[in-house]
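Me: Can you walk me through this one? I have the files open and will ask as I go.

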Amino acid sequence: MQNLLTYLIFTPVIAALLGLFISAEAKKIFRLLTFVVSAIQLLIILLIVGNITPQSGSFQLMEKYNWFSIDLGNWGILKAEYLLGLDGLGFSMVVLSVLVMLIAGISSWTIDKNVKGYFILLWILNGAIIGTFCALDFLLFYLFFEFMLLPMYFLIGIWGGPKREYASIKFLLYTLLGSILILIVLIALVISVQAPESGDTVVHTFSLLHMSDPANFIIGSILNPDDAWVIGSQTARWWAFLLLFIGFAIKLPAVPLHTWLPDAHVEAPTPISVILAALLLKVGAYGLLRIAYPIFPDAAMELSSVVAFVGVLSIIYAALNALAAKDLKRLIAYSSVSHMGFVLLGLASLTVEGISGAVYQMFSHGLISAMLFLIAGVLYDRTHDRLINNYSGLASKMPVFFVFVLIAFFASLGLPGFSGFIAELMVLLGALASGSTNELISEGFAFAAAFGLILGAAYYLWTLQRMFFGPFHVKNGIRTELLTDLDRREFGMLISLALVILIFGIFPQVLLDYINPFAKNFSDTLTESIRLIQNP
Amino acid sequence: MANLSTSEILLGLVLTLPLISAIVSFLIPARYGWVSSLTAPVLLLVCTILSFILFFTSEALHVTASWFSIGTTEINFSLLLDAASRLMILVVSTVSFLVHLYSTGYMGYDTKITRYFGMLGLFTFSMMGIVLASQLILTFVFWELMGFSSYMLIGHWMEKPAAAKAAQKAFLFNRIGDAFMLIGILITWIHPAGSPDTFWQTTGVLCIFAGVVGKSAQLPLSFWLPDAMEGPTPVSALLHAATMVAAGVFLLIRINPLLTDTALTVIAITGISTALFGAVSALNQFDIKKILAYSTLSQLGLMITAIGIGAKDAALLHLFTHAFFKAGLFLAAGSVIHALSHQLNDQKKSDVQDIRNLGGLRKKLPVTFIVFCIAGASLAGLPMLSGFLSKDSILTAAWNLSIPSAQFIFTGLILIVSFVTVLYTFRLIRFVFFGNESQTTVHESPWVMRIPMIVCAVASGWFIVSVNPIHVSGWFANSFTGAETSLIASGLSAVTVLVAFIAGVLFYWRQPSPQSNSILQNSFGIDSFYQRTIGLAIVRLASAAEATDKRVLDGFLHFIAYTQVSVAHGIAWFDRYIVDGIVDTGARLVKSAGSLTRSFQGGRIQLYIFWAVAGLIIFLFFVLI
């Protein structure tokens, strides 16, 4: 089985090209086609599962083609490759992407305005996201990374709510700022790194695999670990890590760079919110795991307390904001920020448990947040009103919906049996173990994060009490006959997500088989790199 | 799977039957809700029978299966059946079955009956899990599940705002403890018993104890328990007797080897303060269920004290006896409420649970009355009953403490608690069953409710513990717990109970209606103090965070954006008027110069002659001068 990853990335892109030739009136064809795209992708995922060995911590299903190679005379050769591959991290993210894209596609059936444009953008987004998770060449990664932004900008800006223009421009500018910071480091890296196969002429490469090996840095170059340039009071490597961290933290998002997220979520249509929360946020965490940490392990280690602090700050600060939120979707958006804080905490610990937990949290939060945003969408589709205080006693009016709300809320607040618990357990274990093993972060961070668990329960239960318990009544002129229980499509989406969340909560080993070797390998390689850098 | 022994299969069934019952109930459509009130009790009956078989036949069992592994750490799904858990599964399944049976009568006309039985099954399943789990992470899993199912059960009548609030409070108070407990479990895992780091061991164990404080409603996290009385009464019976609050005590028994000296001291002090606090509060309540709730607080405090002073067997014994007599008391209280609720609604009397509205029910509800008296007497610690023996064993442990000051303090305080216990039990029985009859048409509850009550009353006798009615000895106590009683303690205890009984008669018999101290009734105002301080602080913090987001972060962002736009406007102005201005001025200069020179060549002969003459004059001027 060759080129499986290429097929996975370009199936939706081909669909987008096909879509150009389909009449805009044929809404049903577009809805069907998105289903076909997801079906093909699921099939490819099955083939990937069959062709991958989970125990190996290294990259598999590699695809390597020359992209371009420019001879720049004395400076050397600039070489970019079409380099794809999957390890445990990439695998879990790709599986998540395909699942979420399927759900988002079904959820998109309610879109009625300019269906053609919508689905074409959705497919481009699909390909770009999966491409980001597969690319092992920094330039290719960056290309896919940027390709996600534009479809997203239009999807929010055209199909969004009343304040969509403000939200979409905020989203675009914020993420562009992040991209520029990443681009700066990209340029510095390509100047500093040479491919190991280069002989007399230096071959400057974009390959992330080469960049992650401290031996490949050119002596005297700006980011060379042995004698990195000093800028201000810190080394250039320290600054490069910081820029990458800020760039990806915007995407994650981490407090205080998160304010684009609640606005984007509140204005985005339901399926786009689902993709945004479930996948785009993961790209930020993925970037840290794939790029920032492996290339700059020394700086990462030095800054691990900062990373942990930002993580814990996100957990608590966003939870407090969720507690104060009056709009259901805003609450869920803040809960996303809070949960992504756990990813940072796990990452900062640099223990196997913490890294595993961070990846598991990315996967689990992808599923749970998808479910949460679908739930907000169910209500919004009916009444166009998401204000928590306008509802009361919905449990008796929409009993089936209420069951799913319970599942989603309790899964999100970390009830055992659902996937979120496993992730938070591992992250906390990693954060606590760090204090007595590699001594990177103090145990206090874990205690503070546990406080976030309490706040998480508080905002969800308070929402339940206000919206679903008590006697039924609605305010603000909402017509009660609009509040019908779930239809079959909504039921189908919610029950499949609930089951998946339950399965990964009860049988975590299914996924951990892939994540654990990655985490082990990641942690070992980083420790080895740090040792190499400190004692060359 | 092939070579499982019979005991292992039985163990698996005992654990999962309540879960199966829950799933069956959830799957039954609402229209056929009555089916669940058949399936659930029957499945639980099977579970109870199996646990009896397991109890009498099985040896100690340890079943382990790998659940998942994190990095190098393996997390197992492992069940342990030892003396303590064998005793507990018996109690849990029996009480749960009785409550299921009772519920078919009590909740008979409830529209959400499937959800009720489903959650009751899940609740029982989680307690079974806690009892059987032999790894702390697994315990925590069931622990949280129990929190969830208790949330749903307490809030069963969720249309009632008070019930919704009580459920939320219960879950949040539990969650505070649980968050610490999770951290504690992880700490004890990283620093296992025997590792040199005692600081982390003590911290870890105390964090776990925080979870126990939440679940077993010890100070300072007690206040959810009285509010939890908003749930249906059978739920209260289950929650107070064999499950939920008992889970905390049982967990402490399980982790007993981990407890360090510092931890034990903290545990003992927490326990005895809660015991005193609960007893005094119970004496000052009017709500029949709240009296029992505070009584549970107090009794749990005694068990925790017992663990703190190193007598885990006494704690287990008291947990065992308490399960039956407290279940009996709650079921009897439920019977009173059930019998009166219709009638009092008609008369628009305020509250059927308020003992000020009750009285003289002993003739109308004879079975309930007798059950209440026997179970109450067991609670009060009257000889010949199980409560006497188990309380004695705790007292004996206190009496046998090696440090004299601790010996006298703990013995004294436990005796005071016993004294107050007799008083509040007497007060309760006096005002509910004696005195003036205020109700006219009251009927005893149906048989499905009467049988569980009677079983609980019978199980309050001494014989379930020991063959000797005033001294722990014989079949039960010795083989399942190491609890023992001494004659001195028994004597002290008996005298206290007697004095308290006389004091109760003298004080309460003449009183026409129950009295209370409002400060004590409202638990010293601690609960409202929490709301005014911590609750308010969190709300303030939340709105501060919201304001920071809107004003500071977004404000900064907007400021940058406006600055940038303003600068852009400035540059646009500069571009238009300065840069363009210079270019335009240059162009205008060239243009005017051009038009000036062009004007020389107007195409008219007069002009040419004029310029020629003028030029000539200027030339001459230069040359001549």
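Me: Leaving aside neighbours within four places in sequence, which residues is A:Met371 in contact with?
Reply: A:Ala408, A:Leu494, A:Leu497, A:Ala498 and A:Ile501. Contact here means C-beta atoms, placed from the backbone, within 7 Å. Bear in mind that this is a predicted model, where local features need pLDDT of at least 70, side-chain atom pairs count only at pLDDT 80 or more, and totals for chains, interfaces and linings use all residues. Residues are numbered from 1 along each chain as its sequence is written, with chains lettered from A and ligands numbered from 1 in the order in which they are written.

Me: Which residues have the most contacts inside the largest nonpolar core?
Reply: A:Met371 is one of them, and the others include A:Val100, A:Ala370 and B:Cys456. That core has 412 residues. A nonpolar core is a set of buried Ala, Val, Leu, Ile, Met, Phe, Trp, Tyr and Cys residues joined through C-beta atoms within 7 Å; buried means 20 or more other C-beta atoms within 10 Å of a residue's own, with C-beta atoms placed from the backbone.

Me: Which helix gives the most to this core?
Reply: Helix α13 of chain B, residues 312–347, with 19 residues. Helices are DSSP runs of H or I, at least four residues, and strands are runs of E, at least two, numbered from the N terminus.

Me: OK, the contact between the chains. How many residues from each?
Reply: Chain A puts in 42 residues and chain B 38 residues. On the side of chain A that touches chain B, α18(A) gives the most, with ten residues. That side has 29 nonpolar, eleven polar and two charged residues, where Ala, Val, Leu, Ile, Met, Phe, Trp, Tyr, Cys and Pro count as nonpolar, Asp, Glu, Lys and Arg as charged, and the others, Gly among them, as polar.

Notes. Contact = placed C-beta atoms within 7 Å. Buried ≥ 20, exposed ≤ 12 C-beta atoms within 10 Å, placed from the backbone.
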